[in-house]
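Thanks for coming, everyone. I have one chain to walk through today. Please take a look at it first.

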Amino acid sequence: MTGTERAEEMQTTCEAVEMHLVQALTRCESDAVSAHLQAALQHCRDLLLTPLVECPVCGRVGLPERIQMHECQAVSRNE
């Protein structure tokens, strides 16, 4: 296992995506592609700021808008 593989194992998916987007930006020669990469990087960083919430009924954890509309099985976590 290389040092790079060990570092990647400790990253979250969002951190890995951010790293790859930043590396792509440093190599990008097109203004149009650079604009798209910068927008993608900003969206990735915005994701990191969204707190996860827990469904009070079933205990499922996720983004607030997804928990709000998920099909809760209404099974108590204590059963």
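Where in the chain is confidence lowest, and where is it highest? Lowest is helix α1, residues 3–9, at a mean of 49. Highest is α2, at 91. The score here is pLDDT, the predictor's confidence in each residue, from 0 to 100. Over residues 1–7 the pLDDT is below 50. Beyond near neighbours in sequence, that stretch has two contacts in the model. A contact means heavy atoms within 4.5 Å. For the chain, the mean pLDDT is 80, and 77% of the residues reach 70 or more.

Ground rules, quickly. This is a predicted model, where local features need pLDDT of at least 70 and side-chain atom pairs count only at pLDDT 80 or more, while totals for chains, interfaces and linings use all residues. Residues are numbered from 1 along each chain as its sequence is written, and side-chain values use heavy atoms, with hydrogens and water left out.

Now the layout. The chain has four helices and two strands. From the N terminus, the order is α-α-α-β-β-α. Helices (H or I, at least four residues) and strands (E, at least two) are DSSP runs, numbered from the N terminus.

On to burial. Of the 79 residues in the chain, 14% are buried. Buried means under 20% relative accessible area, exposed means over 50%, and partly exposed is in between (1.4 Å probe, protein chains only). The accessible surface of the chain is about 6400 Å². Carbon and sulfur atoms hold 54% of that surface. Those areas come from the Shrake-Rupley method with a 1.4 Å probe; for residues, only the protein chains shown count as cover. As for contacts with a separation of 6 or more, 12% join residues 24 or more positions apart.

Next, charges. How many salt bridges does a search of the whole structure find? One. The term needs a side-chain nitrogen of Lys or Arg within 4 Å of a carboxyl oxygen of Asp or Glu. The partners are glutamate 18 and arginine 45, at 2.7 Å, N to O. This pair links distant parts of the chain: glutamate 18 is in helix α2, arginine 45 is in helix α3, and 27 residues separate them. Helix α2 covers residues 13–27. Is glutamate 18 buried or exposed? Buried, because its relative accessible area is 18%. Arginine 45 is partly exposed, at 35%.

Staying in helix α3, residues 31–49, look at serine 34. Serine 34 has 18% relative accessibility, so it counts as buried. Leaving out residues up to four places away in sequence, serine 34 touches Leu25 and Cys28.

Last, the cysteines. A search of the whole structure finds zero disulfides. The cut-off is a pair of cysteine sulfur atoms within 2.5 Å. Cysteine 58 is in no disulfide, and the nearest cysteine sulfur, in cysteine 55, is 3.7 Å away. Cysteine 58 is partly exposed, with a relative accessibility of 22%. Cysteine 72 is also partly exposed, at 29%.

To recap: one salt bridge, zero disulfides, and lowest confidence in helix α1. Over to you.
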